[in-house]
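I opened a new notebook page for this chain.

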Amino acid sequence: MPEQDDTGSCALQPGSVGILEAILEGTPDAIFAKDLEGRYLLVNSTCAKFIGKPKEQIIGRTDLELYPPETARRFIEADRLVIESGGTHVFEGLAKGAGGTQDFRVTKGVVRDRAGRVVGLFGISHDMTERRRAEEERFEERPRHRHEQRRHRQDQDGNYERSDHRPFFLPISG
């Protein structure tokens, strides 16, 4: 927690737990940590909201206890890959939570103790749902743009022209 100064206001101290808490709760990304058995050790409010339970009801539980079976199996398999590799991996997919289905991009990596042994893993998951929708909308518009491009031709100097002969693209020279 942030430490109070003489005036009663809170100030973050270098290296304090309060800084970490502020980051965990200040990000819109879901952040979590698990032990080697897949039990949640830490979740932020965004993660708890997606799961649809208070943090206290998530800590100590596994994905099989919190998610639909198919979603849990995918998460467990990704966790296994991260732990076995000892590295950091990025995964994308769909997950069903209390708030519905969400497109996500999650970075997972191992947590090591002071001796360097893998003791768990962490995850930082970003909700990609709105971005995916925007990409799909742009993709749906593409055929129209391709059709418009067919109306352009390249002249003898390499310039692209519209059918009304206004330059569309100019060659790039170095």
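I began with Asp35, which forms a salt bridge with Arg39, the closest N and O atoms being 2.8 Å apart. A salt bridge here is a side-chain nitrogen of Lys or Arg within 4 Å of a carboxyl oxygen of Asp or Glu. The model is a predicted one, in which local features need pLDDT of at least 70 and side-chain atom pairs count only at pLDDT 80 or more, while totals for chains, interfaces and linings use all residues. Residues are numbered from 1 along each chain as its sequence is written, and side-chain values use heavy atoms, with hydrogens and water left out.

**Entry 1: charged pairs**

I checked how open the two partners are. Asp35 is buried at a relative accessible area of 10%, and Arg39 is partly exposed at 36%. The classes are buried for under 20% relative accessible area, exposed for over 50%, and partly exposed in between (1.4 Å probe, protein chains only).

Arg39 also meets the side chain of Glu37 in a salt bridge, 3.3 Å from N to O. Glu37 is exposed, with a relative accessible area of 53%.

I searched the whole structure and found 11 salt bridges. One of them joins Lys55 and Glu25 at 2.8 Å, N to O. Lys55 lies in helix 3 (residues 55-58) and Glu25 in helix 1 (residues 17-26), so this pair ties together parts that are 30 residues apart in sequence. Helices (H or I, at least four residues) and strands (E, at least two) are DSSP runs, numbered from the N terminus. Lys55 is partly exposed at 28%, and Glu25 is partly exposed at 37%.

I also noted a network of salt bridges that links Lys34, Asp63, Asp79 and Lys108.

**Entry 2: helix 5**

Which residues of helix 5 are buried? I listed Thr71, Ala72, Phe75, Ala78, Asp79 and Val82. They cover an arc of only 130 degrees around the axis, which puts them on the same side of helix 5. The arc is that of the directions from the helix axis to the C-beta atoms.

The face turned away from the buried side carries the exposed residues Pro69, Glu70, Arg73 and Glu84. The buried residues of helix 5 pack against strand 3 (30-35), helix 4 (63-66), strand 5 (89-97), strand 6 (100-112) and strand 7 (118-127). Just after helix 5, Gly86 takes a positive phi of about 75 degrees.

**Entry 3: core and rings**

The largest nonpolar core has 21 residues, of which Phe32, Tyr40, Ile58 and Tyr67 touch the most other members. Such a core is a set of buried Ala, Val, Leu, Ile, Met, Phe, Trp, Tyr and Cys residues joined through side-chain atoms within 4.5 Å.

I then looked for aromatic pairs and found four in the structure. Rings of Phe, Tyr and Trp (its six-membered ring) pair if their centres lie within 6.5 Å; planes under 30 degrees apart count as stacked, over 60 as edge-to-face and the rest as tilted. Tyr67 and Phe75 form an edge-to-face pair, 5.0 Å centre to centre, with 85 degrees between the planes. Phe75 and Phe104 have ring centres 5.9 Å apart and planes at 85 degrees, so this pair is edge-to-face. Phe75 lies in helix 5 and Phe104 in strand 6, so the pair ties together parts that are 29 residues apart in sequence. Phe75 is buried at 13%, and Phe104 is buried at 8%.

Definitions and conventions
Contact = heavy atoms within 4.5 Å.
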